[in-house]
Amino acid sequence: MARLLDALTTLHRALGAVELSLPLDTAPAGVQARDELNGQIEDYLLPRLARLDAPLLIVLGGSTGAGKSTITNSLVGADVSLAGVLRPSTRTPVLVCHPDDREWFSTGGVLPDLARSTGEHPTGSGLHLVVHERVPPGLGLLDAPDIDSVELANHELAAQLLGAADAWLFVTTASRYADAVPWEYLRRARDRAVAMAIAINRIPVGAATTVTSHLDEMLHENGLADVPTFPIEESPGGADLLDGRIGPEALAELRTWLEGLVADDASRAAIVRTTLDGVLHSIPARVDVVEDAVDAQLQAIAELRESSVEAYHDALAALDDELGNGVLLRGEVLDRWREHVGTSAFMERLQRGVGRVRARIGSILSGRPVPNEAAQGQLESNLASLVRSHADRAALATVTAWESSEVGKVTLSSANRGIDRPTAGLDDRLERELVDWHDAVLQLVQDRAGNKLAIARALTLGVNGVGVAVMIGVFSQTGGVTGAEAGVAAGTAAVGQTLLTAVFGENAVRDLVRIARDDLRLRLAGVFEVERSRFESLANSRTGTVDGQQLRDAAEQLMRAWRDEAPT
Ligand SMILES: Nc1nc2c(ncn2[C@@H]2O[C@H](COP(=O)(O)OP(=O)(O)OP(=O)(O)O)[C@@H](O)[C@H]2O)c(=O)[nH]1
Ligand SMILES: [Mg+2]
């Protein structure tokens, strides 16, 4: 039994972790199946498996006014549950048992979430427990609320109670037995192969054969041919029973059936086994429903995640294009470059000539305008604002994509304000990354340059100058600078490239620039990933910790354990 209980606990835990909060078609059925099954595991399976010889619980369920409370009182021969003309009359379920079974039904673990009340009348909630000598030992009779009145809470409670039963005593009447709602329940009992009997109350005198044969026909059609039926003839009394009880003769057969259930260990064990087996075998199909719903949720979440990945990917690609096209040479980087190379001292030195360097770059420099302050003033854009604008675009694109579906809207509903804008920390994070990148480029130059730095130093470039030249190389790879600043930017870039090439050689420069560029790309991708992570957490907050496969595995594990450990 230990393995079975373990498997059941595992399934219970897995079902408890199922999250179905997205408005998908499959969700309502999934929620219902999940809650019902988990309820039944707690209310019935765990306590029953923990003690197979515990008293039987027979639950009286059915339409409002069918006579469940009246039959309970009449069987016991005492007013244990209030019956009445006002519908629905039973709201608090009443469990009546022999005094010997009091302990099991009050603390034994059945229906653990229903607080027990005792005393003359139900307190209004939980489960009212009454003991009476006339109930056969080993049997609890539970008078449940109805399944079809205007009180929806009654139906839920009734379904929970029926789920906890070792056997159902379904109560209907001669005029109500063909109603739709009771048949939904009867078919559920059939699907779960729960031990069951049907009492047809208030049969007009002499009509028993007509009514039962029609009911039997319906049972047959619904695959319930084996269910015993107990016709109960209408007792006189008009709308209300005179003394509130049905005569003993009318109930004789039903009483015999009930007593037979607990007459000996074998018949008691047979009922326990029938229902246990039925309920356990109903589990895979019920888990299937939950599983489908879970998979649909995960699929929907994956689609949301995908659209955020796409939006940020597109934005990063666009940013990447712009990084290479020289647009950035209008900004800070250009300033830095100028700090090192844009001085007249440097230009003079170049003009005086430094061997082959001069030879190779002289032609490029001749006729070029020297970068000046005025040109610099026109250049306002910088990397930070470029990144920010792309981050902005990606956030907005993601929000727009998500808002196009109900699932996305619901997921967005728990977002913080400003989800459609870049994060507050973007600027700081980006600045840190750029500082780090700058350092990394300098380190790279130092590592790769070897003694060529001596030449660079001779040009007063130094490590910094070479580093900045590499950065300029990164931002001018595709060359296409246009507009007013083109002359300055392109000139500066060309000077940088030419210098680098002169000092380091073409391949080395290409390498340096490529490595620096890849490094920057990676850093920017990281910055964007932080931006996107807000959407990722929103999506994750809608995902439970289990998927369909885990549920399927848990159900299979359970069925294997039951096959090996079922009592015979
Ligand atoms: N005359 C007559 N009245 C009956 C008979 N059986 C039940 N009643 C009456 O039918 C009414 C409803 O009976 P209840 O026992 O309260 O019905 P219930 O199924 O418990 O109804 P809910 O608690 O609302 O779900 C009561 O007024 C009973 O007295 C019967 O055989 N003859
Ligand atoms: Mg009642």
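Author: Two strands pair if DSSP finds at least two bridges between them. The model discussed here is predicted.

Reader: Take strand S1 and strand S6. Which residue in S6 is the bridge partner of leucine 60?

Author: S1 and S6 run parallel, joined by 5 bridges. That clears the two-bridge threshold for a pair. Within S6, the partner of leucine 60 is leucine 169.

Reader: Which residue in S5 is the bridge partner of leucine 56?

Author: S1 is also joined to S5, again by 5 bridges and in the parallel sense. In S5, leucine 56 has as its partner leucine 139.

Reader: How many of the residues of S1 are buried?

Author: Leu56, Ile58, Leu60 and Gly62 point one way, and all are buried. Leu57, Val59 and Gly61 point the other way, and they are buried too. S1 is therefore largely enclosed by the rest of the structure, with a buried count of 7 of the 7.

Reader: Which strands stand at the edges of the sheet?

Author: The open sheet has 8 strands in the order S3-S4-S2-S5-S1-S6-S7-S8, and its pairing is mixed. An edge strand has a single partner strand, so one side of it is left without a neighbour in the sheet. The strands in that position are S3 (116-117) and S8.

Reader: Is arginine 202 buried or exposed?

Author: Arginine 202 is placed in strand S7. Its phi is positive, near 60 degrees, though the residue is not glycine. The cut-off for burial is 20 or more other C-beta atoms within 10 Å. Arginine 202 has 21 of them, so it is buried.

Reader: Where is leucine 111, which has a positive phi of about 45 degrees?

Author: Leucine 111 has that phi although it is not a glycine. With 24 C-beta neighbours inside 10 Å, leucine 111 counts as buried. Its place is in the loop between helix H4 (102-107) and S3.

Reader: How far apart are the end C-alpha atoms of helix H5?

Author: H5 covers residues 152-163, which is 12 residues. At 1.5 Å a residue, the helix should span 16 Å. The model agrees, with its end C-alpha atoms apart by 17 Å.

Reader: Which helix is among the elements that cover the buried residues of H5?

Author: The buried residues of H5 include Asn154, Leu157 and Leu161. Their cover includes strands S1 (56-62), S5 (139-143) and S6 (167-173). It also includes helix H2 (27-50).

Reader: Which element gives the largest share of the shell around ligand 1?

Author: Ligand 1 is surrounded by 26 residues, the closest being Ser69, Thr70, Ala83, Thr90 and Asp146. Helix H3 (68-76) and S7 are the elements that give two or more residues to this shell. The largest share is 3 residues, and it comes from H3.

Reader: How many residues of that shell around ligand 1 are polar?

Author: The shell around ligand 1 has 7 nonpolar residues and 6 charged ones. The polar residues number 13.

Reader: What separates the C-alpha atoms of histidine 390 and alanine 318?

Author: Histidine 390 is in helix H14 (residues 383-403). It is buried, with 23 other C-beta atoms within 10 Å. Leaving aside neighbours within four places in sequence, its contacts are Ala315, Ala318 and Leu319. Histidine 390 and alanine 318 are 72 residues apart along the chain, yet their C-alpha atoms are separated by 7.7 Å.

Reader: How far apart in space are aspartate 320 and leucine 524?

Author: Aspartate 320 lies in helix H9 (residues 265-324). It has 16 C-beta neighbours inside 10 Å, so it counts as partly exposed. In sequence, aspartate 320 and leucine 524 are 204 residues apart. In space, C-alpha to C-alpha, they are apart by 9.1 Å.

Conventions. Residues are numbered from 1 along each chain as its sequence is written. Chains are lettered from A and ligands numbered from 1 in the order in which they are written. This is a predicted model: local features need pLDDT of at least 70, side-chain atom pairs count only at pLDDT 80 or more; totals for chains, interfaces and linings use all residues. Helices (H or I, at least four residues) and strands (E, at least two) are DSSP runs, numbered from the N terminus. The expected span of a helix is 1.5 Å times one less than its number of residues. A residue is buried if 20 or more other C-beta atoms lie within 10 Å of its own, exposed if 12 or fewer, and partly exposed in between; C-beta atoms are placed from the backbone. Two residues are in contact if their C-beta atoms, placed from the backbone, lie within 7 Å. A residue is near a molecule or strand if its C-beta atom, placed from the backbone, lies within 6 Å of it. Ala, Val, Leu, Ile, Met, Phe, Trp, Tyr, Cys and Pro count as nonpolar, Asp, Glu, Lys and Arg as charged, and the others, Gly among them, as polar.
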